[in-house]
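Have a look at the model below and keep it open while you read. We'll walk through a few of its details together.

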Amino acid sequence: MNKKLLAIALPVGLAIGLIFVAAQLAAAGPAATQPLEAAPVTSEEPALFAAQAMSYNVFLPIVFNNWPPLPPTTTLHVIDKQPLDSVYTVTWDAVVFTPTVTHYTLQESADAGFSATVEYSSTVNSFPFTGKTLGGYYYRVRAHNMWGPGGWSNIEYTTVLTRHDDFDNPITGWAKRRTSSPDLNLLTVAYFSGTLRTELEDKFDFGIASPMLPAPALPYTISMLTRAINLGNLNTYGIVFGGNGGSVCPIDRSTSGDPNGCFFHYYRLNVIHHGGGFRYGIHRIDYHMGGEDGRGHAVSTELMAYTDLENSALGWLHWELEVYADGFALFVNEEQKAWIEDTTYINEPYYGMFISNDEYNHSYWEHDYFYVDPISATNTLLNRALLPITTGETRLELSPNDTE
């Protein structure tokens, strides 16, 4: 009988050989290759016939369902959608597998197709980032073991923003959020050569610009450096903080009375160009009137009466607010001017810039920076006894620029 080598293809896995060892067949001798013959039957044997037994060594296939044994795909976690100040950590599910995972490769790209990438290696299921350039980043990750890398995970995206804004990159997100004008197009918020410009063209109206980022936990400080581009009488700018978020944003006159609108209430520092100089005051805005009757204007409570700015220059002016759990302080050109004890909206996190017109339109301002920083230690020079002069009056503002 001819000896044959039989190969069997298996539809799953990998078959490594099905081998008949010819040498062992040959060792069995010529009889091993002869047909089986029945032994003679006698009356003394109960069986019909007796058969000659033969033995063969057969080697069966080794089947692998997953070869080589690479690590399974992991899951990348959702990243903070707007990590602030370039500090964030990318995390994913740890891969428990045999052979053991030796490390992970985290891949970063500016586009979802990962046409250009930067790779980071980690032996744990996370990777921290600090000092990232402002912009948008895509991430995916895969595990490695002794046999090589597993498959790529899902893709997650994040946008790196900052509260320390020099206005070098529009991705920081300053935009118009509220106006009492019937037309949002009359309010302009524009990045320009490393500054932010705010402009309002409608009479007796106001606007708010904001990145809609939350302030740090209390205490924190807000500072802004600003100058005029166009000096009209009773044109104003300022800082708002303690503002609410909202499902309706931006807001114009028609939606101004909606309490679900952003900046429905807040604190406002208002700086008014008046009589060739500047005056400043602080109000708490409790709500806004809606529709044409209310014209979107605010119902406000005076916290600090308008005060003339000494030696009022028409160049850059530095404004700063230190916000604490028991109130806030105002500084002008690094000199404290008042301590305000009101805490009504102190825990609301949103901040921004204010702009308004009175009878003369075209309020136009340029802002060099806007910084929001946590306060690590209380200012030892802070004077909580420096209370402002105020009437405490609450009224509907027909114009936010009434300085009397």
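## Starting with one lysine

Is Lys337 buried or exposed? This is a predicted model, and in it Lys337 has a relative accessible area of 17%. Buried means under 20%, so Lys337 counts as buried.

Lys337 has a partner, too: Glu335 forms a salt bridge with it, and the closest N and O atoms are 3.5 Å apart. What about Glu335 itself? Its relative accessibility is 46%. That value falls between the 20% and 50% cut-offs, so Glu335 is called partly exposed.

Salt bridges can also share partners. Arg197, Arg227 and Glu366 are joined into one network that way.

## Salt bridges across the chain

How many salt bridges are there? The count comes to 12. Here are two that you can find by following the chain.

Take Glu108 and Lys132, a salt-bridged pair whose closest N and O atoms sit 2.9 Å apart. Glu108 is in strand E6 (residues 103-109), while Lys132 is in the loop between strand E8 (126-129) and strand E9 (135-145). The two are 24 residues apart, and the pair links distant parts of the chain. Glu108 and Lys132 are each buried.

Now try Glu397 and Arg268, whose side chains meet in a salt bridge of 2.8 Å, N to O. Glu397 belongs to the segment after strand E27 (394-396), and Arg268 to strand E19 (residues 266-274). These partners are 129 residues apart, another link between distant parts of the chain. Here again, Glu397 and Arg268 are both buried.

You'll find another cis bond running from Cys249 to Pro250, with omega near 10 degrees. Look for Pro250 in the loop between strand E18 (236-243) and E19.

## Two phenylalanines with positive phi

Most residues other than glycine have a negative phi. Phe204 isn't a glycine, yet its phi is positive, about 55 degrees. Phe263 also has a positive phi of about 55 degrees without being a glycine.

Where do they sit? Phe204 is in the loop between strand E15 (195-200) and strand E16 (206-210), and Phe263 is in the loop between E18 and E19. Their surroundings can be read from the accessibility values. Phe204 has a relative accessible area of 34%, so Phe204 is partly exposed. Phe263 has a relative accessibility of 0%, so Phe263 counts as buried.

Which residues make a nonpolar surface patch of about 370 Å²? They are Tyr287, Met289, Leu396 and Leu398.

Let's zoom in on Met289. You can find Met289 in the loop between strand E20 (277-288) and helix H2 (291-294). With a relative accessibility of 30%, Met289 counts as partly exposed.

Technical notes: Residues numbered from 1 in each chain as written. Predicted model: local features only at pLDDT ≥ 70, side-chain atom pairs only at ≥ 80, totals over all residues. Heavy atoms only, no water. Salt bridge = Lys/Arg side-chain N within 4 Å of Asp/Glu carboxyl O. Helix = DSSP H or I, 4+ residues; strand = E, 2+ residues; numbered from the N terminus. Buried < 20%, exposed > 50% of the residue type's maximum accessible area, 1.4 Å probe, protein only. Patch = residues over 30% accessible without salt bridge, like charges linked within 9 Å, V, L, I, M, F, W, Y side chains within 5 Å. Areas by Shrake-Rupley, 256 points an atom, 1.4 Å probe, with all protein chains shown as cover.
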